[in-house]
Each structure stands twice: as structure tokens, then as C-alpha cells.
Amino acid sequence: EKWSQFMKLRDDVNRALEVARNEKVIGKSLEAHITLSNSSEFDTVDFLSKFNDLNQLFIVSKVDVVDELTECTEYELVKVKVDHAEGEKCQRCWNYSDQLGSVNGLDHLCPRCQSVVATLG
């Protein structure tokens, strides 16, 4: 049930990403920074607190979940605001980050990829 509800919410987010893509705010979804909040029909904030790694689940670079959101689009399960993610693109995973670094001779890696590459040695 939890995942079924999540997929419905993700469909709403994907609609917002498509609008942002058509308006040239983003190109690919990994260029997106999304901010999510409660819709008038659903407690999105509480529901999303049950999940980890929201950016990976939504396939975007950054996700913020806030109590109140203005200047957004409201769908059945969520209010969504889409902005272009800040920072530069990680050369390994293509997520945008403002904390790029180098590990083992590889440059322009996000913190997550830095830890993976360091572990691989």
C-alpha cells in the first residue's frame, strides 16, 4: 500500500517535471531541485518522512520537503515547485551538487560518488 501511494505521488511529481521541461527550466530530471509540500487533500510531509534517499526515488538531484509552499503547482497528493539544481554535474552519477571534489585521480565527483570511489580504492 505504501509503495502504491508513493507511485501515485511520484506520478504527480513527474507531471510537474514535464511542465518544467516544457518551460525550459530543466532538461533532464537530474537537473531538477524539487520542493514538495502537503496538498489540500494529503499529508505529503508525514508520508514522505517514511522514505530515505528521495532524490534517488524521484530521479532528481535534490529534494526538499517543507510544511508550507507558495508559488507552486498543486496536484492531488502533493504541491510541487521545480527549480534547476544548483552546482555542477557529477561526472559519475550526473546529479548536480555544489560539493564536488576529487578522489583517486577522478575530479568533479559528488559526495556520494566520492565515498563510493574511495571505498573501491
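Buried means under 20% relative accessible area, exposed means over 50%, and partly exposed lies in between. The exercises below use this rule on a predicted model.

**Exercise 1.** Find what joins the side chains of Arg 15 and Asp 12, and state where the two residues lie.

Solution. 
- Step 1: Side chains of opposite charge can pair when their charged atoms come close.
- Step 2: A salt bridge needs a side-chain nitrogen of Lys or Arg within 4 Å of a carboxyl oxygen of Asp or Glu.
- Step 3: From N to O, the side chains of Arg 15 and Asp 12 are 2.4 Å apart, and they form a salt bridge.
- Step 4: Both residues belong to helix 1, which covers residues 2-22. Arg 15 and Asp 12 are three residues apart, about one turn of the helix.

**Exercise 2.** How many salt bridges does the model have? Describe the ones formed by Glu 18 and by Lys 81.

Solution. 
- Step 1: The count is three salt bridges.
- Step 2: Glu 18 pairs with Arg 21 at 2.6 Å, N to O. These two residues of helix 1 are three residues apart, so about one helical turn separates them.
- Step 3: Glu 18 has a relative accessible area of 36% and is partly exposed. Arg 21, at 26%, is partly exposed too.
- Step 4: Lys 81 pairs with Asp 83, with an N to O distance of 3.9 Å. This value is within the 4 Å cut-off.
- Step 5: Lys 81 is partly exposed at 27% relative accessibility. Asp 83 is partly exposed as well, with a relative accessible area of 28%.

**Exercise 3.** Describe the largest pocket: what is its volume, which residues are closest to its centre, and which classes of residue line it?

Solution. 
- Step 1: The volume of the largest pocket is about 400 Å³.
- Step 2: The lining has 17 residues, and those closest to the centre are Ser 61, Lys 62, Tyr 96, Ser 97 and Asp 98.
- Step 3: At least two lining residues come from each of helix 3 (54-58), strand 4 (79-84), strand 6 (96-97) and helix 4 (111-120).
- Step 4: Sorted by class, the lining has eight polar, five charged and four nonpolar residues.

Definitions and conventions:
Residues numbered from 1 in each chain as written. Predicted model: local features only at pLDDT ≥ 70, side-chain atom pairs only at ≥ 80, totals over all residues. Heavy atoms only, no water. 1 Å grid on protein atoms, 1.4 Å probe; cavity = no way out; pocket = protein on both sides within 12 Å on 5 of 7 lines; lining within 4 Å. Points joined across faces, edges and corners; volume = space filled by probe spheres on them. Helix = DSSP H or I, 4+ residues; strand = E, 2+ residues; numbered from the N terminus. Nonpolar A, V, L, I, M, F, W, Y, C, P; charged D, E, K, R; others polar. Buried < 20%, exposed > 50% of the residue type's maximum accessible area, 1.4 Å probe, protein only.
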